[in-house]
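Here's a quick briefing to read alongside the model. Have the viewer open and follow along.

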Amino acid sequence: MLSAASQVLIRNQEYLEAESVLLVNHVNDGFAEQLCDLYPNASVTGFTSILTNRTHFQNDNFEQIIAASLPKKQFDLVIFYYPKAKAEAQMLLDNIRAISTESTRLLVVGENKGGVKSVVKQLKADAQFSRKVDSARHCSLFQFTGLTVNPDFQLASYAKQFEINVAGTPLSLVTLPGVFSHGELDKGTELLLETIKLNKPNTLLDFATGCGVISTFLAKHYAECKIVASDVSALALAAAELTFAKNGVSAELKLADGISSINAKFDYIVSNPPFHTGLSTNYDITQLFIADAKKRLNKRGELLIVANSFLPYADALRDEFGDFSKLKDNKKFTIYSAIA
């Protein structure tokens, strides 16, 4: 079913006609299929940095790209689904201008509560013409033309580095806009790292690694351990790679849609698992992760996670593992341990 933003686009289909179209931050809601049906001669490219947003739609005129930055090709029309983080939106707008020409049209669509109206201010100095095309289904659609070309775009220039000291261990973290806990250490992750103690781990999975803080911390303490750092976001893995390089540690980076897609077993799985999908809370992500975690642990392997204390993860852990422990509970965050 089309998202609200995609519905607004379809009801303004006269704005969608172009020879080459780039969908930025598109989701698997059927819009790409409908666009290809409307304009079968158009060349359509779908870009997302989030693996779960990929579509399995196949068409000779459709290409899908999952990466941290936009493909270095030029398009007649760019359709940008505005993200919830303004810093990420600005980075992507700058990236869009890097692959644009003066004739490129830009359509920006998004939920009003997600801040899409901010795009007018963000592009005020970088677009000659702008107009609001439509407002419906709690979304707004804008068109921009006469974009200022931005040939000097470099993803790394948007990185933010900051220093922390957790459990007596100094770390340099590098984050990018749109990556979890951008510019600061999440308090739940900090509590997790201050609490856990591992017993001679040989293999470890850092699930939902974000900028790589858990992997970096553990690599410094357990240098012989083989660490896999996975995330659903190519942008997060780009940040994690920068963090590893800054700290002189190494881990295998893996773009993965959930733990079930990682074909390996581990002594430990450590995570601050996500519970958001877009602007909404989604408990299914972590519950599915817990259900799959036991299958990816070696015998007597341990799952260690941190979660907001109000979230209902205890039942899921009990269902899958039969028993679990609370290593720490400070009323805001809880550290859980479960043995396979």
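What follows starts with the whole chain and then moves to a few individual residues.

This is a predicted model. The protein has nine helices and 18 strands. Its radius of gyration is 21 Å, close to the 20 Å the globule rule gives for 340 residues, so the protein is as compact as a globular protein of that length.

**Overall build**

- Taken along the principal axes, the C-alpha atoms fill a box of roughly 60 × 40 × 40 Å.
- Of the 340 residues in the protein, 55% are buried.
- If you look at contacts between residues at least 6 apart in sequence, 65% of them join residues at least 24 apart.

**Surface and charge**

- The protein exposes about 15,700 Å², and carbon and sulfur atoms supply 46% of that area.
- There are 34 positive and 36 negative charges, and their mean positions are 6 Å apart.

- Glutamine 143 sits in strand β7, which covers residues 139-147.
- With a relative accessibility of 12%, glutamine 143 falls under the 20% cut-off, so it counts as buried.
- The side chain of glutamine 143 makes a polar contact with the side chain of arginine 105, at 2.9 Å.
- Setting aside neighbours within four places in sequence, glutamine 143 is in contact with several residues, including Tyr15, Leu106, Leu107, Phe129 and Val133. Arg105 is on that contact list too, along with Ser130 and Arg131.
- Aspartate 126 is in the loop between α4 (119-122) and β6 (127-136).
- Aspartate 126 is buried as well, because its relative accessible area is 17%, under the 20% cut-off.
- Not counting residues up to four places away in sequence, aspartate 126 touches Arg97, Gly146, Leu147 and Thr148.

- Lysine 200 is worth a click: its phi is positive, about 45°, although it is not a glycine.
- You'll find lysine 200 in the loop between α5 (187-195) and β10 (203-207).
- The relative accessible area of lysine 200 is 72%, over the 50% cut-off, so this residue is exposed.
- Lysine 331 has a positive phi of about 80°, and it isn't a glycine either.
- Look for lysine 331 in the loop between β17 (325-329) and β18 (333-339).
- Lysine 331 counts as exposed because its relative accessibility is 74%, again over 50%.

Methods:
Residues numbered from 1 in each chain as written. Predicted model: local features only at pLDDT ≥ 70, side-chain atom pairs only at ≥ 80, totals over all residues. Heavy atoms only, no water. Helix = DSSP H or I, 4+ residues; strand = E, 2+ residues; numbered from the N terminus. Buried < 20%, exposed > 50% of the residue type's maximum accessible area, 1.4 Å probe, protein only. Contact = heavy atoms within 4.5 Å. Polar contact = N/O pair within 3.5 Å; in protein donor to acceptor, adjacent residues only side chain to side chain. Rg over C-alpha atoms; globule rule 2.2 N^0.38 Å. Areas by Shrake-Rupley, 256 points an atom, 1.4 Å probe, with all protein chains shown as cover. Lys, Arg positive; Asp, Glu negative; His and termini not counted. Charge placed at Lys NZ, Arg CZ, Asp CG, Glu CD.
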